[in-house]
Every structure is written in structure tokens, then in C-alpha cells.
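Please walk through this structure with the coordinates open beside the text.

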Amino acid sequence: MASINFLLKDLTSNGFDIKTLENLIPKIGMEIEKYDDNEIVLDITPNRPDMLDFTGFLRAIKAFTGISTTSTGIEYKIENEPFINIYVDEKIKKIRPFIGAVIVKNVNLKENKFQYLINFIEKFTDTFGRKRKKFAIGLYDFNKIKPDLYYTISKNKKFIPLDYNQEMNFNEILSKHDKGIKYKNIIENKTSKNYYPILKDSEKILSLIPIINSEQSKITENTKNLLIDVTGISENAINQALSIISCSFLDQNAKIFPVKIHYKNKIGIAPNLVHKQIKIKTNNINKNIGIKIDEKTALELLQRMGYASKLKQKNILVNIPPYRTDIFDQQDIIEDIAIAYGYENIEPKPIIGNFEGSSDPIKEYSEKFSLFMIGLGFSEVINPVLTNEKLNFENMLQQYNKNNVIKIIYSKTEAISIIKTSLIPNLLNNLEVSSNQKMPLKIFEIGSIFYLNEKKINEDLCLSFASEHSKANFAEIKADVSALMKLSNHNNYKLAEEKNNSFIEGRCAAIYINNEKFGIFGEIHPKVLKNFNLDESVVVAELIIKKNIEYEYRI
Amino acid sequence: MHEYEKMVLEVLKTKKEAKVEELIEDTKLNRDAIIWALQMLEQQGLISIDRQKIFVIKLKEEAREYLNEFPEEKLIKDINKNQDKINVNKLDKIGIIWAKKNLWIIITQGLASITKKGLDAINNNYEQRTILNILNKKNEQDTDFFETNKNIIEILKNRNLIEVKDKSIITRVSINKINNIALGNENEVNVLTKEFIKKYNNENIKFKNYDINADVEPVYPARRHPLNLFINKIRKIWIELGFKEVSGPIIDSSFWVFDALFSPQDHPTRDVQDTFFLSNPKELDISDKKLINKIRNIHQKNWREKWYEAIAKQAILRTHSTNVSAHYLHSISSTDKPIKLFTIGKIFRNESIDFKHLAEFHQVDGLIIGENLNFSNLIFELKRFYEKLNPKIKINIKPSYFPFVEPGMELNYLDKKTNSIIELGGSGIIRKEICKAMNLKKKNVLAFGLGIERLIFDVLPISSLTELYKNDIGMLRNIKEIK
């Protein structure tokens, strides 16, 4: 979701007061994040970048409410000429290969339109443009530009960056200017020998791409003619961005003039405003949504979503405006029809047929063990899967074997770095936070532990339990383990003395079934107790109740 | 007279008075037994007990954040720093409420400005914070302290920052009538011994009366964790609605979490800032090479960007349990009969965790695979589920966007306590391209993914999720059963 601010008075003057908006916005699939007397902040879903633009947003809600359908069905067209040329240097290919641009003439940026344009461009490049990585947009006062233009690379040079009063060289911009610091990662590793991507006209540098434009060609409220460039790594995204921008200005009665892009082996013309046509049958609409509408209603609903459409024999031909870059095929049209119909108006209908529900055998299996544990007087706890080396190994006096532990690349929280290999450390933590409670404290947890075995992820389902009180000892935990083995029909297990740093030597045992180790139990070593600030004796057991879980996805 | 009572009296006869600890020492009985014996003796008027009432205070999780600064303190400092009136919508809500109550600020036409009293407050110690810090250092306080600071403690209690319980502790016991002790009333029957029952033949015997109001030690039965009880409730409902429960891995390749669900490879959630990527293992193999190609094709056709297998192989912790749905879409064949599936499990988000935010959540994810299924069927199933789960909450549906469904919808409800809309999850019809890639061309697939934690506040008396994961046994022992 991307958020965008509009002034309430601009919406009210178009017939949308806050009450109307509160009802309307969710219906078109967006959200009101917040509002006050002055401003409204909207959340726009990522498929509709055209609605981050005030003109685009207004166009959508006007059509939806039927207030105005003037934009519906118009053909978005650019002028044929005059055009300007942009020459693309072959050497830019490795850094940021593509550029597109348009000339917009006769624009009106007065009142709040200037601010809306700036906000839109910022949000658009931030979300759809993936923080300028996929594409970035530059705005220039066309009257201050001397064509032709060159998209090329340059050594470290000086120019006055936007909103500054003195020259800075490219290096300084990248290390000191806030935009430089924010976006330098996009070009940093791609520039060799201190060459930087720039856009220049026949006289001067217009922009350090995609960081910052020059002060000299800056636009203001009074700018009448604009050059807009879009550079990036995706030709498709650049075309889509230019389509959305062009339609917005055309809706504001400006004129769009083309730009010829000269690559080494091809010449392209921007913008390329495509009006796609999609065929759909009413029957198909009804079948997918579960409603019954006729052709006439379908055409009306399409109009409310901003589509001009007509009936041709049994088919509806839907004309997709160029700013709807999210429409792939029929199913996207069907969603829009459902939105216009109103989700709340769709009558819920039961599915016909017999379906037999059942629970997952592994869940049932662990539920059985939970029941045993309750019977033995242990209460259940639930702990996170994510942990850290200190808690999982160091506090338990265990060796940390890097190769076998599943590790996370980056976490925002220090307490998270690996996936746990035992449930016991968390249980001891739980006892620690409960130290003011009346003893004995008896807790259990059933959950998965993870480790790597010959580079393969191994998931074992474990049952661990702990008992803390002044008289907790090996005999007690052995009695509980024995009872559990009996309850779960394991009568052929064997115990063997086990050496484990977390436990007191000579008071720790491992459980074997058919010579395979399935668990461990005993008295926790006082050093470990100290690490967890525990002041009474603690005994624990950890049993693998299902070894090496593999998911087969069978129904 | 019971054995324990006799033992305690024996000690008191010589000592005349004693503390509970001394009695434990001398009789070797445990504390519970002593307390019981003392109560029995007190009822018989044989001994006197001095009791003192003390207050036990527990700081709530949120209060820890307040120890250095209360929100209202931060708020007036911020206003003062700006030297200006600030629009109230830009300020912390809790801060506003208390700054207003304290008469530190006044609000006119939506703008907050600081008062004289507010300016004074900036330079002085805030009494709420002072008391909170004292309580944090020493959690047992006597009646004197409590009475002196009653008002402030009451405020902290109402702000849900502290929990106060009183308990009476025995400070001293002393013996009353030394001469009568041996007498007691030996004719009354106290404990029913085995011999007594054997010999008993309806004689006219007087049983010793007990004080039914006497305190007994609380018993704490073993309990399931409330979150698992809630999850089981949800499982039961889906099963009743004809869904088959399945499960899948929490560690998976990006392919099953993202690519197979049509999430573009440069999507912002596919970033280390949002998702946990693994360094060991870095990659996981995707076994079905044909499927890889089909998925590559739908990505390149619709997103018109290059698609990289290496990105799809990256090992991650799933951000939704929909990866299980993706695996099942792959394994189910077009000749299988219609089926409803669901899975419940942990999902992960790379969040900075504090007392309000977690990195692990639970999600229930479901699929309905069949022919001639439509959007109205999906709405029906989801509404049925929530009706069964909690008939009191009214579910709203609205359009929303998720890359793998079309049409897509969001489910939410209006939380009347906070007057805010709580998102419950997303749902929709799986895109045809995905069905086709999974060899389910002729099937319709309905899908949903719903958060679980969001709903738990309605059934459990807790204020934050971290309370559940802390597993404070005191909380687990005393928490109410889920509704």
C-alpha cells in the first residue's frame, strides 16, 4: 500500500465531502488512513498507481459515482509534432539502460496542482518505481531547455542541484546531499572509473540520474511547459509510467508532444499510449461472481469503472484506457465489474456438494501428547521459533556448530538470528519470568526444532517439559518420562547415561528406541540455572515425538 | 485435634510466641500445613495471630516504556520545542488525553497549545512517574505507603499500567490460654481416621465444625495455552465446514511463497527489510523443472520483466501460510474431486519487536478447489466461519489487491472498543494463469488467508500479544477460559 495526501477542500469542491468519501473509498478497494479538517491521507493498493495522482483519483471516483463520465471513452492521443530527440549513449547500458520522455505543453500548476504533481511523482517512484531503482522521474521547465538531449555518462562535474544556491560536484552530491545519500546505491556499484549517468541538453547538465536535477531547469507553479523524463532498468515500466502521466495531463487539457529516443540500433517514440481491447461475455461475468446481470447492466457497471465498452453480438468489447496498466485480461475486468456491483450486494451462496472435513494426523498426534502432559500436571506454553545464539547455545553451555544451524541473513531485532534447535531454553526463560509464582512450576511445549543434516533441513517435532521446585530431582523427571512412554505405548525403550553440558553429570539420561536416540532428560546444571536467574532446582526432558517431518502434500 | 495442630501448639507452649519461619524450622512441616494448622487453632481461640496487609504490585509490559517518560511528558516537551500550536491529529492520543486531564495543554479548533501549568510540569518531576519507579524497584508495599499515595496508584491502575493485589501476611503468632490447651474438646471428632470409620456404628458423635469461610491455599490445575485453545477452536470450525486440515513447512523457497503465487520478483515485500532470508541454507531446490518454466512464462508474460530462477530458490521463512496452498495446488490433479483444504501455522515478518510488535504470527490459509465455484461461494464460506467463531462481530468485505487472486477482497471488522477497522485477512479467486501452470485449467480455486492473533483480543482479556508469548505462569494460571 502507498499513502497519498489530498486536501479535503479540493475534493469537497468536486462534490466529495468527508462523509461521502468515508463511504466511497472502501468500496473502490482503497482505505482512508486518517484525515483532519484540512487533509485526507489515503492508502492506494499497488495495482492502481494511477490513483496516486489527484487527477487520476478524481477521474476514478467521478466515474464510479456517476458524477462525471467525461473521461470515460475518450481516446488519449498525443500530438504528432514537433518532437525533440534524445540520444542515448551506448555506454549507459550497463548502468541504467532505458529512457523515455514526454513534452507537456500548456499545463496549469497553479493552486495545489504543483504540490500534487510533486507528491504523486515521489510516491509513484517510491512504490511502483521501487525507490527509483526500477524507474525514476525527472521534471524540467521545458522553456529552459535547449534540445537536443543526451542521455549519457560523464566524469565528475559540477552543477547546482535543485534547491541549492551553489555548485556541487557529483561526488559531493552522492556523499553529502540527502537525495545523493538516499539513492546512491542505485548507481554506485555500476559506475566504473567514476563515470556517472546524466541527462544534458545541448548546453548544460540537466540531471544526475536518478539522483537530482539541476536548479537551472527547476519547475514552479508558473511553469507552462514541461519536459518529463523517466529512466530505469525496465522498458515496460517506463512506458507504463509515461502512459499514466500523459493521461493525467491530457485529462487536464494539456497537450502531449512526442520524444524520439535514439538508441544505437533502434529509434523509439515516447509515449506509446495503447488502448487495449478485451472481449468478455456476460455469462462469464455472472459465472465468476455468482450474480445475474444482463448486458445493459454490465455496460453500466463498466462505465462506472471508467471503461468505454460496447456490445458486439454476444460479446462486450471493453476499451482499456492506457493508464490502466494493471489490466491483463478478462479476470481483471471481472473484478472491476464486481467492485462496481458492490461486494456487499453480492448474495453469499453455499457450495453444493459433500465435503468431509478432517484434522491433520500430525496435529491429532501432538494433541494426544498435550493431553498426556495435562494429565501429568504440566501447563502448556507457546514460544517463538526464532531465537539467538546466546539463548539457544551459550546460556545452555552448548557448543554452537555453525554448519548445522539455520541462520537468518538480516533481522531488525538483535534477539533474532537463528532458528531454535531445542525447546528447552525458552522453557527456562518462561520459568525465569514466573519466578514470583507458587512452586512447583510445571510447563510443557510441543513444537518443531530445526537443524541442517547434510545440507538438508531437518524438522523434528518435539515435546519438552520442565519442573521447578526445591525438591525437583532426577527421580521425578524419570517417573514422568516413564509414565509418558507407557501412555504412548513405547515399552521397548532403553536408557543410557548421557553427557550433556546443560545437565549435571551423572544425572542425565538419553532415551533410545531401537538404538536410535529419541530424547534426553535430567537435572539442569546450576551454571545454566544461574544463566537464567533460576534459584530452585529444575528438571527437564526433551523427547522427539516425530523425527524428520516431511511434507508430501497428499490429499 | 489434628496432628499438625498438636505439633504447632507443642512449639508455642515453650516459645509463647513465634514467627511462621520458626514454626517451619521447629516442626519440619511445610508452610501450607503450618498455615492450615494456625487457622484451625485460631478458630478454636487457642492462639492469636497478628496479620499485616501488604500490597503486591505488578508492572504491566507497557509501563516499562513509561519509566523514563510518560507519553504526556513527551508530548508537552515536543509542543514546547516547536514553540507552536500543533494539530492534535499529529499528536499521540494517550499523551493528549493525559496532558488535557493534567491541564497542561488546551485544545482550540484542533490545535494544541501549552499552558502555564504545562510549562511548570516540564521542569518538575511527574508524580505518576515517580511512583511508578518506586513500585518498579520494590513491588511489595505496606498500607502506609499505599494510603499516602492512594490517588496516584489509583490512576496508574486505571491506566492499566499496574496490577495491584493485596494479601495479608502473618507477622507473629502467640498462644492464648496455656492452661486449657491440653483440654481441647476431645469429644468432638476432627479427622476421620481409618479406625474411626471401621468402628463407627451410628453413635451419637459430635463432629467438629469447621469455618467454611477459612482461607485455603489455591490449587492451580494444569492448563492448555489459551492461544492453542483458540487455534483448536478455529480448526474445529473449518473441519465442521467440510475442510480437510493439512500442513506444510515454515522454511521454504521464495518460489512457493512468492513466485508460484505470482508475486513479482522485485516486489517490496521480497526484501530483507520485510522478509527473513536465510544465510544457511541460502537456497532450496525446486524439484519440478517443468513447473519452473511455466511459472517463469506467466511472470514474463504479465509482468514483462526477466524472471530469475536463482531469486526463486532463495530460502526464506514464509511470510504467509499460502505456501502450503501453493504446494497443494501443485499436487492436486485436475481429475481429483472437489475439495476444501485448510492449514494453520506460524508465519514471519522482519519486524522490530517490542511490547506491541512480534515477528511471529499465526495464520489460517484455505483453498476450495472445484468446478463452477464463484466469488459468492467464497463470501458464503468466510461469513459462515466468522459466524461460528464469534457471532457478535460483524464482518465487512471490501475490494483489495493481492497479486495471486482476482477478484480479491479484504475482510475486516469494526472494533467498537477503539473505533478502528481491524483487518482480518485477504481472499479471492486464484488467477487463471496460476491454475493453468498448476495443471488445473478447468478448475476454479477459491482461496483465503486470515490472521489469527487479530481476533484473540475479543476472546481473551489481554492487552498485548507479547503477554501471550511471555508465558508468565501467573497469567496462564489465572487467565479466563476463552469465550
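Two residues are taken to be in contact, or to touch, if their C-beta atoms, placed from the backbone, lie within 7 Å. This is a predicted model, in which local features need pLDDT of at least 70 and side-chain atom pairs count only at pLDDT 80 or more, while totals for chains, interfaces and linings use all residues. Residues are numbered from 1 along each chain as its sequence is written, and chains are lettered from A and ligands numbered from 1 in the order in which they are written.

With contact defined in this way, B:Trp256 touches B:Asn323, B:Ala326 and B:His327, leaving aside residues up to four places away in sequence. B:Trp256 sits in helix 13 (residues 254-257) of chain B, where helices (H or I, at least four residues) and strands (E, at least two) are DSSP runs numbered from the N terminus. A residue is called buried if 20 or more other C-beta atoms lie within 10 Å of its own, exposed if 12 or fewer, and partly exposed in between, again with C-beta atoms placed from the backbone. B:Trp256 counts as buried because it has 23 C-beta neighbours inside 10 Å. The C-alpha atoms of B:Trp256 and B:Asn280, which are 24 residues apart along the chain, are separated by 18 Å.

Burial also gives helix 9 (residues 295-304) of chain A its pattern, for A:Ala298, A:Leu301, A:Leu302 and A:Arg304 are buried there. Seen down the helix axis, the buried residues of helix 9 of chain A fall within an arc of 155°, so they line one face of the helix; the arc is that of the directions from the helix axis to the C-beta atoms. These buried residues pack against helix 3 (54-65), helix 8, strand 18 (308-312), strand 19 (315-320) and helix 10 of chain A. Helix 9 of chain A is followed by A:Gly306, whose phi is positive, near 90°.

In soluble globular proteins, nonpolar side chains tend to be buried together. A nonpolar core is here a set of buried Ala, Val, Leu, Ile, Met, Phe, Trp, Tyr and Cys residues joined through C-beta atoms within 7 Å. The largest such core has 175 residues, of which A:Ala101, A:Val102, A:Leu226, A:Ile228, A:Ala241, A:Ile337 and B:Val445 touch the most other members. Helix 7 (residues 235-251) of chain A gives the most to this core, with nine residues. Apart from residues up to four places away in sequence, A:Ala241 touches A:Phe124, A:Phe135, A:Ile137 and A:Val230.

Most residues other than glycine have a negative phi, and most peptide bonds are trans. A:Arg130, however, has a positive phi near 50°, and this residue lies in the loop between helix 4 (113-127) and strand 6 (135-141) of chain A. A:Arg130 is buried, with 21 other C-beta atoms within 10 Å. In chain B, the phi of B:Asn160 is also positive, near 65°, but B:Asn160 counts as exposed, with 11 C-beta neighbours inside 10 Å. The peptide bond from A:Met439 to A:Pro440 is cis, with omega near 0°, and A:Pro440 lies in the loop between helix 13 and strand 24 of chain A.

Two strands are said to pair if DSSP finds at least two bridges between them. Four strands of chain B form an open sheet in the order 1-7-2-6, with antiparallel pairing. Strand 1 (17-18) and strand 6 (140-142) of chain B stand at the edges, each with a single partner strand, so one side of each is left without a neighbour in the sheet. Two bridges join strand 1 to strand 7 (residues 162-175) of chain B, and B:Glu17 has B:Ser174 as its bridge partner in strand 7.

Finally, how many residues of each chain take part in the contact between chains A and B? The contact brings 82 residues of chain A together with 79 residues of chain B. Helix 10 of chain A gives the most to the side of chain A that touches chain B, with six residues. Strand pairing also crosses between the chains, as two bridges join strand 22 of chain A to strand 12 (residues 278-280) of chain B, the two running antiparallel. Within this pairing, A:Ile408 has B:Leu278 as its bridge partner in strand 12 of chain B.
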